[in-house]
Amino acid sequence: MAVAGAIVGAAVGGWMNDRFGRRPSILFADLLFFVGAVIMATAPVPEIIIVGRILVGIGVGMASMTCPLYISEASPAKIRGALVSTNGLLITGGQFLSYLINLAFTKTSGTWRWMLGVAGIPALVQFILMLMLPESPRWLYRKDRKEEAAEILRKIYPSHEVKKEIEALRMSIEAEIAEEGSIGGDGTFSKLKKATGSVVVRRGLVAGILVQVAQQFVGINTVMYYSPTIVQLAGYASNSTALALSLITSGLNALGSIVSIFFVDRAGRRKLLLISLVGIITCLALLGGVFFGVASHSPAVELPNPLSGNSTCPDFKAASGMTWTCMDCVKAASGCGFCAHDGDKLLPGTCLSSETDGKQFCQASSREWYTRGCPSNFGWLALIALGAYIISFSPGMGTVPWIVNSEIYPLRYRGVCGGVAAVANWVSNLIVTQTFLSLTEALGTAPTFLMFCCVSMVALVLIFLLVPETRGLQFEEVEKMLGGKDYKAWKKSSVHARS
């Protein structure tokens, strides 16, 4: 429900950004997030928690497309990428911190209420601090508040560059007004219709939506949301072990964001995206191979243990000569689990019903209990591949799509186009996260990861062909590049050559 709310928030956020400005949009998002957190923490029934989740989701959706936009418009071009990447670092760092905070709250009374309620504190802090910050100078100039915009630019740029920046902004806005006929007055849908009639916007929108959809369809949120499950699929039975290992994935995600800060303005957006995808494809192929190995070397299921009573999985018919492995057991329709051998977990174990006292019997015998994955000798390879996947994803596909979307659209359409791209991101997020577990059950874990690998290969080709480099360019130069008659995303344009 939070992701569904984020889809709505991203759509509404595009309209709010153009109508009321970047700063009020962030303030409203903070307010929604704070109210949603309080509602969840104090909810008397589950239905009220869902209402809170929707409000939080709307706030997240609005902030996800507004914050990178605000940062990029209030940043000097030379460090714009690094500052937008810092936004990504604080998100991933916050995810890691939230794991630790939630772990601490498991030891308190009212555990989940504290976990959900404490999320309102950062929103409240940001709301207060945003009251002290200015509006985007580009949005102000667009709304004919030129002196306010000039004053903010004087604080951002060195004195010898301010005049040049104001002049570039003036020429860009005047060109837009001449094209549109007037400032403002367009509804969201009519503005979007007009936007798609411009070759500059179409090229920018194709690139912006492509990187946002690709970000989700390479499978990142299956790793982030289901990392404990993936760890169990790799053969680690303990829930606490799986949760502890999932902490590592969130930590590596934050580490990758730091790498992006240092390299996004040096190497460029496009190069980071392509290098990131090469790493992602390699790691997904390795994950697929590991899970194929885990499945093919799965321990056998031995004859029922008389001591287990009536706990034997009802789907296992030993008398009929049926031969099963651990993988057959954990996939059984009756919801069964594999009780590993008490000496060597790779030796044959028993398949017990998890709906009766099978789990209690297994754990009482000091044997490991598996309900998702199976014991193996090389599950650790899956952990290495998982970590390498995160390190490959975070600096490129993790942060760059938001940077690209904050700088690739003409100012007059930046809010609405950024909103469309953010909606595409959250819809893709919802599709991938809602289907991952179903896919692993229907296809198997290995084929699911190999499917993501194939999607990543397609993304690599499309991004190479359709996403241009925007590093170091002024917003007006990006627009000029996209409008060029000889425009090819993979070629260095004359605008880059001059820069």
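**Entry 1: terms and model**

I call a residue buried under 20% relative accessible area, exposed over 50%, and partly exposed in between, with a 1.4 Å probe and protein chains only. I applied this to S366, which is exposed with a relative accessible area of 66%.

The model is predicted, so I note that local features need pLDDT of at least 70, that side-chain atom pairs count only at pLDDT 80 or more, and that totals for chains, interfaces and linings use all residues. Residues are numbered from 1 along each chain as its sequence is written, and side-chain values use heavy atoms, with hydrogens and water left out.

**Entry 2: overall counts**

I looked up the secondary structure and found 22 helices and three strands. Helices (H or I, at least four residues) and strands (E, at least two) are DSSP runs, numbered from the N terminus. Of the 499 residues in the protein, 50% are buried.

I then looked up the surface. The accessible surface comes to about 22,200 Å², and carbon and sulfur atoms hold 67% of it. Accessible areas come from the Shrake-Rupley method with a 1.4 Å probe, and for residues only the protein chains shown count as cover.

For contacts (heavy atoms within 4.5 Å), I took pairs of residues at least 6 apart in sequence. Of these contacts, 76% join residues at least 24 apart.

**Entry 3: helix α18**

How many residues of helix α18 (residues 400-407) are buried? Eight of the eight are, so the helix is largely enclosed by the rest of the structure. I noted W402, N405 and E407 among the buried residues of α18.

I count a salt bridge when a side-chain nitrogen of Lys or Arg lies within 4 Å of a carboxyl oxygen of Asp or Glu. The structure holds ten of them.

I looked at E407 and found a salt bridge between its side chain and that of R80, at 2.7 Å from N to O. E407 lies in helix α18 and R80 in helix α4 (residues 80-105), so the pair ties together parts that are 327 residues apart in sequence. Both E407 and R80 are buried.

E407 also meets R269 in a salt bridge, at 2.8 Å from N to O. This pair links distant parts of the chain, with R269 in helix α14 (residues 269-296) and E407 in helix α18, 138 residues apart. R269 is buried, as is E407.

Which residues are linked with E407 in a network of salt bridges? I found R80, D265 and R269 in the network with E407.

**Entry 4: I408**

I moved on to I408, in the loop between α18 and α19. I408 is buried, with a relative accessible area of 2%. Leaving aside neighbours within four places in sequence, I408 is in contact with G204, A207, P468, V478 and L482. I also checked I408 against E479: the two are 71 residues apart in sequence, but their C-alpha atoms are 7.4 Å apart in space.

**Entry 5: helices α19 and α20**

I looked up how helix α19 (residues 414-442) packs with α20. Their axes are 8 Å apart and the angle is about 140 degrees. That makes α19 oblique to α20. The axes are lines fitted to C-alpha atoms, for helices over the stretch in contact, and angles run from 0 to 180 degrees between N-to-C directions. Angles under 35 degrees count as roughly parallel, over 145 as roughly antiparallel, 65 to 115 as roughly perpendicular and the rest as oblique.

Which residues meet here? From α19 I listed V432, F436, L439 and T440, which meet T445, T448, F449, M451 and F452 in α20.

**Entry 6: a nonpolar patch**

On the surface I found a nonpolar patch formed by V206, V458, V461, L462, F464, L465, L466 and W490, with about 660 Å² of accessible area together. Patches are made of residues with over 30% relative accessible area and no salt bridge; like charges are joined within 9 Å, and nonpolar side chains (Val, Leu, Ile, Met, Phe, Trp, Tyr) within 5 Å.

Helix α20 (residues 445-466) gives the largest share of the patch, six residues. I picked out L466, which is in helix α20. L466 is partly exposed, with a relative accessible area of 36%.

**Entry 7: two positive phi values**

I noted that D144 has a phi near 65 degrees, a positive value in a residue other than glycine. D144 sits in the loop between α7 (137-142) and α8 (146-156). D144 forms a salt bridge with K146, with the closest N and O atoms 3.7 Å apart. K146 is partly exposed, with a relative accessible area of 41%.

S366 is not a glycine, yet its phi is positive, at about 60 degrees. I placed S366 in the loop between α16 (358-364) and β3 (369-370).
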